[in-house]
Amino acid sequence: FKSLVSCLFATVLITTIYEAGYFLHKWKVSIAETETLKQQNTASQLEALRNQINPHFLFNSLNTLAGIIPEDPKNAVDFVHKLSNVYRKVLELKDIQVVSLKEELEYLDNYIFLLKSRFGDNLQFKIDLHDTCLDCFLVPLSLQMLVENSIKHNIVSSKRPLIIEIYN
């Protein structure tokens, strides 16, 4: 009887250890799959935002350019160069996950030029960042999205100029 109980106890113990190991392995696989799905979801949301912003931005930029050409041809040429720089950068950043703040600000400079051509003095920017932050990383085009949303959800007029501040 003692040997039967000890064999049964050993069998239950070994089975429990085996099942616990199997459960732990499946749990780790499940966590890894969940993280992968979260990353893919975030990436697809970012791509959807990029695709959503670009057509509206291009439409508005072309309308602005049509207004600038007869009034100031030299400024129109500068506008086209800045617009091409913006779209070139969008294409370069298509598959990149993160960029330095310095790179993002260089891109934003071209974008701000286009916006100021459209809104004039009714849109103002104040950028005050410490040099130590310039090597930090962020999602590409994130500052553009924030600026565009700021313009979209606010009034930009001569009576109520919009001031966008970027600082740390």
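## A charge over a ring

Let's start with a side-chain pairing: the charged end of K82 sits over the ring of F113, 5.4 Å from its centre. A charge counts as over a ring if NZ of Lys or CZ of Arg is within 6 Å of the ring centre and within 35 degrees of the ring normal.

This is a predicted model, in which local features need pLDDT of at least 70 and side-chain atom pairs count only at pLDDT 80 or more, while totals for chains, interfaces and linings use all residues. Residues are numbered from 1 along each chain as its sequence is written, and side-chain values use heavy atoms, with hydrogens and water left out.

## The nonpolar core

The largest nonpolar core holds 33 residues. Such a core is a set of buried Ala, Val, Leu, Ile, Met, Phe, Trp, Tyr and Cys residues joined through side-chain atoms within 4.5 Å; buried means under 20% relative accessible area, exposed over 50%, and partly exposed in between, with a 1.4 Å probe and protein chains only. L108, L115, L123, V147 and I151 have the most contacts inside this core. At least two core residues come from each of α1 (2-71), α2 (73-92), α3 (101-119), β2 (123-128), α4 (142-152) and β4 (162-167), and α3 gives the most, with nine. Helices (H or I, at least four residues) and strands (E, at least two) are DSSP runs numbered from the N terminus.

Zoom in on V147: leaving out residues up to four places away in sequence, V147 touches L108, Y111, L115, F125 and I164, where contact means heavy atoms within 4.5 Å.

## Around α4

In helix α4 we find S150, partly exposed at a relative accessible area of 24%. Beyond its neighbours within four places in sequence, S150 is in contact with L162 and I164.

L141 is in the loop between β3 (137-138) and α4. L141 has a positive phi of about 70° although it is not a glycine, and at 3% relative accessibility L141 counts as buried.
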